[in-house]
Amino acid sequence: MKNALGVEIPEYIEGIGELKPYQGVWKSIIEDEVPCTNISRTLKAKKAHTSKFCSSLEEAIKKCKPFDGMTVTCHHHLRGGDGVLMQTIEILDKMGIKDITLASSSLTSAHDGLVPYVESGMITKIFSSGIRGRLGEIISMGKLKHPAIIHSHGGRVRDFLTGRIKPDLSVLAASAADEEGNSTGSHGPSAFGSMGYADIDARYSKNVIIVTDNMVEYPCVPSTVRQHFVDYVVKVDSIGDASKIASGTTRITSSPMDLRIARIAATVIEHSGLFKNGMSFQVGAGGASLAVAKFLREDMKRKSIQGSFMIGGVTSYGVDMLEEGLFKAIFDVQSFDAAVSTSVLNNPKHVEITCDQYANPNNCGAMTNKLDVVVLGALEVDVDFNVNVITGSSGEIRGASGGHSDTASGANLSVIVCPSFRGRLPIIMDRVHTIVTPGESVDVVVTERGVCVNPAKPNLAAALKKAGLKVLDIKDLKKEVDSMTGIPAEKKLGDKIVALVEYRDGTIIDVIKNVTNLE
Amino acid sequence: MTPKFKAQAGTFESSDIMVLIEPVAEGSGRQVDISSTVMLQFEEDLKVCINQVLDVMEIENVHLIAKDKGALTPTIKARVETAVKRSLGIQEGTL
């Protein structure tokens with residue numbers, strides 16, 4: 001069957017189940033009431049004054065009675081410094097557990113160690129919002145038994161609530177915890193800020209283990225994950241590489257190309273009709289994307305604009321803007337640097353939120369639905385404004401869906417910032433290799449050569465032209481870029497589906513085929 | 001013409017290409033070794049482009065090593081031309 005974007009979607013995949021084709025940004029979200037009768041969590045009483053403390057992660061995992069075919073989850077708040085997911089898999093492997101479904105909120109460069117476990121068939125299924133590095137390559141080569149499922153941040157919460165993901169064991173790192181499992185990422189030597197993704201695992205998983213390198217005296221306050229969701233608590237020497245977990249402050253790029261794109265994007269926002277008191281805003285942490293915040297900050301000061309709130313992945317740059325009074329609050333699902341943890345801990349206007357509140361498409365209060373402006377990056381964009389943030393130039397999995405489609409769908413203005421080509425690879429395609437965010441939810445593409453406005457927004461195009469911006473037809477821009485770079489050779493693809501891209505509403509928006517010329 | 005000196009042009013920066021030329025004995029022909037960050041996408045194009053410049057400059061005996069970081073065609077042609085001229089001793093350069 002074909003979905004609304006013309007992608008052929010299998011009706012059923014062995015090991016995954018029945019698939020529903022994507023129908024449009026809002027169609028199934030608005031029409032369907034989603035039953036939540038299939039949640040993994042059960043109620044398990046504990047006698048008064050008994051201990052949850054385990055002397056090792058191995059002991060805690062044993063108490064959770066692991067079994068073949070189970071689903072294991074972790075969070076990615078420790079980013080490239082995570083040491084907990086790999087420890088968990090190594091322990092399960094030693095115990096001889098196999099056929100594992102891994103459902104980490106994302107997978108980073110810290111998880112290349114999973115490769116042998118995928119190759120050996122110990123891990124047979126993966127749900128994640130992102131897959132990178134060597135792991136992405138071997139999955140692209142077809143070495144994971146079942147297709148990986150790439151979901152959005154909001155979609156992951158939905159998957160927990162509908163039972164698409166049924167976590168049996170969640171091993172959650174914290175930078176401080178007490179003996180009952182009250183835990184946080186906002187303080188302690190390995191502080192990493194918000195625990196917004198992990199809080200979902202804690203609430204809905206069957207068995208929850210909190211792992212910390214920093215046991216504090218009861219009660220751990222403030223805390224995010226609360227004791228009535230936690231089965232066991234473990235103290236370990238290290239939850240990972242502190243320097244890669246969170247360090248210093250995030251700097252604005254010095255790349256002239258990124259700065260130029262960001263300057264244009266900030267001007268787009270200024271003339272979009274949304275640049276006024278009460279504006280809400282989200283920006284990514286990547287080069288050009290974060291640099292938009294720098295220019296927006298200057299523009300807001302110049303015009304005496306006070307925004308309402310910022311959400312999303314938060315950098316110290318956002319914290320600076322909060323402290324300057326440019327926004328009234330930050331809602332933080334994920335923190336990107338050490339300075340943010342301090343703000344989460346100390347500033348009551350810096351509010352830690354769960355991923356459910358952040359982006360779950362099917363609840364009645366997702367923050368992404370209150371967004372005015374979001375600025376997002378792209379690996380590829382096409383002439384229909386569809387965006388790829390998951391597959392690279394050879395068709396290999398190397399990125400993350402993250403909150404891209406969640407925020408694009410909710411925001412009044414979604415701005416994609418990207419160079420028109422990167423190292424000779426054209427970014428604007430006739431059709432992106434993999435659709436993560438549908439063009440229906442993308443308003444403007446900003447490149448160093450000019451601005452392309454979705455034809456569905458003619459008034460916006462007119463306003464930007466009037467403001468003196470170079471507004472181009474995206475097809476003309478594509479021709480201009482192609483004439484400089486040349487046309488890349490066709491990707492070498494096989495017939496095997498190695499990953500499914502799940503749209504935030506649980507439908508399948510695209511499939512990823514195996515790449516035959518990877519080594 | 002036949003290159004007389006070892007020569008190079010270009011950098012290892014993104015969107016540039018480093019071209020190295022080594023003189024070889026008369027009659028040993030052209031050997032062009034290419035590595036590129038966009039090999040899978042532009043291998044053919046790189047070969048054609050480099051050989052075109054060598055054709056125009058009538059260089060038949062040479063060992064050329066190109067390390068490409070996604071340079072555009074005009075950059076590739078300019079770097080090859082400059083490296084060749086340096087190897088012929090008709091243009092001053094960094095070597």
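Chain B runs β-β-β-α-β-α along its sequence, a total of two helices and four strands. The model is predicted.

**Chain B: fold and dimensions**
- The radius of gyration of chain B is 12 Å, which agrees with the value near 12 Å for a compact globule of 95 residues.
- The C-alpha trace of chain B spans about 35 × 25 × 20 Å along its principal axes.
- Buried residues make up 31% of the 95 residues of chain B.
- Among contacts in chain B with a separation of 6 or more, 74% are between residues 24 or more positions apart.

**Contact between chains B and A**
- On the chain B side, 14 residues are in contact with eleven residues of chain A.
- Helix H1 of chain B (residues 39-56) supplies five residues to the side that touches chain A, the largest share.
- By type, that side of chain B holds five nonpolar, six polar and three charged residues.

- Leaving aside residues up to four places away in sequence, Val415(A) touches Ala265(A), Val268(A), Ile269(A), Val373(A), Val374(A), Val375(A), Asp443(A), Val444(A) and Val446(A).

**Strand S26(A) and its partners**
- Side chains in a regular strand alternate between the two faces of the sheet.
- Strand S22(A) (residues 413-417) pairs with S26(A) in the parallel sense over three bridges.
- Within that pairing, Val415(A) has Val444(A) of S26(A) as its bridge partner, and Val444(A) is also among the residues that Val415(A) touches.
- S26(A) also pairs with strand S27(A) (residues 450-453), in the antiparallel sense over four bridges.
- Thr447(A) stands opposite Gly450(A) of S27(A).
- Two residues lie between S26(A) and S27(A), and the two strands form a hairpin.

Note on methods
Residues numbered from 1 in each chain as written. Chains lettered and ligands numbered in written order. Predicted model: local features only at pLDDT ≥ 70, side-chain atom pairs only at ≥ 80, totals over all residues. Rg over C-alpha atoms; globule rule 2.2 N^0.38 Å. Buried ≥ 20, exposed ≤ 12 C-beta atoms within 10 Å, placed from the backbone. Contact = placed C-beta atoms within 7 Å. Nonpolar A, V, L, I, M, F, W, Y, C, P; charged D, E, K, R; others polar. Pairing = 2+ DSSP bridges.
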